[in-house]
Amino acid sequence: MASDRAMGGLVLMDEASSQALEESIRFYADLHQEVESPPCGGMLRGLGPRGVRVVAELMRDSIHEGDASVAGYCVDLLAHSDLPGSVEALTDMLAAAIGVAPLPDEILEELFDDAVQYDRFLGDPRFLSTARALIGRWNNSQFDQFLAVAERRLHVN
């Protein structure tokens, strides 16, 4: 019985932490703060995989609602996070947008500007194939740079 109450408390605490992360992201996105500014980056790391799910859901909702500021901040948080599931969440967002409703340019720019910095994107086959599906649909210098770096990396490895 006591352990059931403790587990219930953990669920409530986990839910409260998820809600706090979402509220902080909305607050800091409106202030245009850097990703690592307290408390969003630390909160995301503290929640681990659940945090990735919370940020991914908020990102999808923000894109759907047309809130590019919050969606862009979520992209930035996930891109700079090395948590399991972050690359997959961004790949899913990109894949869902191809052929359905194009993502706003600022979201794509944010994604590829960040992705070019990390091997976890440059070496992820699903992310790369999804990104390549944008060729001919979206032209942008960050995207072109990402593709060039990914291609060079492919030939080196």
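Analyst: A helix here is a DSSP run of H or I with at least four residues, and helices are numbered from the N terminus. Please keep in mind that this is a predicted model. Read along the sequence, the chain follows the pattern α-α-α-α-α-α-α-α-α.

User: How many helices and strands does the chain have?

Analyst: The chain has nine helices and zero strands. Of its 157 residues, 42% count as buried. Among contacts with a separation of 6 or more, 65% join residues 24 or more positions apart.

User: Why is T91 called buried?

Analyst: Buried means under 20% relative accessible area. T91 has a relative accessible area of 0%, so T91 counts as buried. Its place is in helix 5, residues 86–97.

User: What does T91 touch, not counting residues up to four places away in sequence?

Analyst: T91 touches R126, F127 and T130. A polar atom of the T91 side chain also lies 2.8 Å from the backbone oxygen of V87. A polar contact needs a pair of N or O atoms within 3.5 Å, and 2.8 Å meets that distance limit.

User: How do you know that the span of helix 5 agrees with its number of residues?

Analyst: The expected span is 1.5 Å times one less than the number of residues. For the twelve residues of helix 5 that should be 16 Å, and the end C-alpha atoms are 17 Å apart, which agrees. In helix 5, the buried residues are S86, V87, A89, L90, T91, M93, L94 and A97. These buried residues pack against helix 3, helix 4, helix 6, helix 7 and helix 8. After helix 5 comes G99, whose phi is positive, near 80°.

User: Is D30 buried or exposed, and why?

Analyst: Exposed means over 50% relative accessible area. D30 has 52% relative accessibility, so D30 counts as exposed. D30 belongs to helix 1, residues 2–31. D30 and V70 are 40 residues apart in sequence, and their C-alpha atoms are 7.3 Å apart in space.

User: What makes F27 and Y28 an aromatic pair, and which kind of pair?

Analyst: Two rings pair if their centres lie within 6.5 Å, and planes over 60 degrees apart count as edge-to-face. F27 and Y28 are 5.2 Å apart, centre to centre, with 85° between the planes, so this pair is edge-to-face. Y28 is buried, because its relative accessible area is 18% and the limit is 20%.

User: Which kind of aromatic pair do W138 and F143 form, and why?

Analyst: Planes under 30 degrees apart count as stacked, over 60 as edge-to-face and the rest as tilted. W138 and F143 have 50° between the planes and 5.6 Å centre to centre, so the pair is tilted. W138 is buried, and F143 is buried too. Both belong to one aromatic cluster, which F112, F121, F127, W138, F143 and F146 form.

User: What makes R120 count as lying over the face of Y118?

Analyst: For Arg, CZ has to be within 6 Å of the ring centre and within 35 degrees of the ring normal. R120 lies over the face of Y118 at 4.1 Å from the ring centre, which meets the distance limit.

User: What makes the buried residues of helix 8 line one face?

Analyst: The buried residues of helix 8 are F127, L128, T130 and A131. Seen down the axis of helix 8, they fall within an arc of 165°, so they line one face of the helix. They pack against helix 5, helix 6, helix 7 and helix 9.

User: How do you know that D124 caps the N-terminal end of helix 8?

Analyst: A side-chain oxygen of D124 lies 3.2 Å from the backbone nitrogen of R126.

User: What can you tell me about the faces of helix 9?

Analyst: In helix 9, residues 141–156, F143, F146, L147, V149 and A150 are buried. Down the helix axis, these buried residues fall within an arc of 165°, so they line one face. Helix 6, helix 7 and helix 8 are among what covers them. The face turned away from the buried side carries the exposed residues S141, R152, H155 and V156. At the N-terminal end, N140 caps helix 9, with a side-chain oxygen 2.7 Å from the backbone nitrogen of Q142.

Notes: Residues numbered from 1 in each chain as written. Predicted model: local features only at pLDDT ≥ 70, side-chain atom pairs only at ≥ 80, totals over all residues. Heavy atoms only, no water. Phe/Tyr/Trp six-rings, centres within 6.5 Å; stacked < 30°, edge-to-face > 60°. Buried < 20%, exposed > 50% of the residue type's maximum accessible area, 1.4 Å probe, protein only. Helix = DSSP H or I, 4+ residues; strand = E, 2+ residues; numbered from the N terminus. Polar contact = N/O pair within 3.5 Å; in protein donor to acceptor, adjacent residues only side chain to side chain. Contact = heavy atoms within 4.5 Å. Arc of directions from axis to C-beta.
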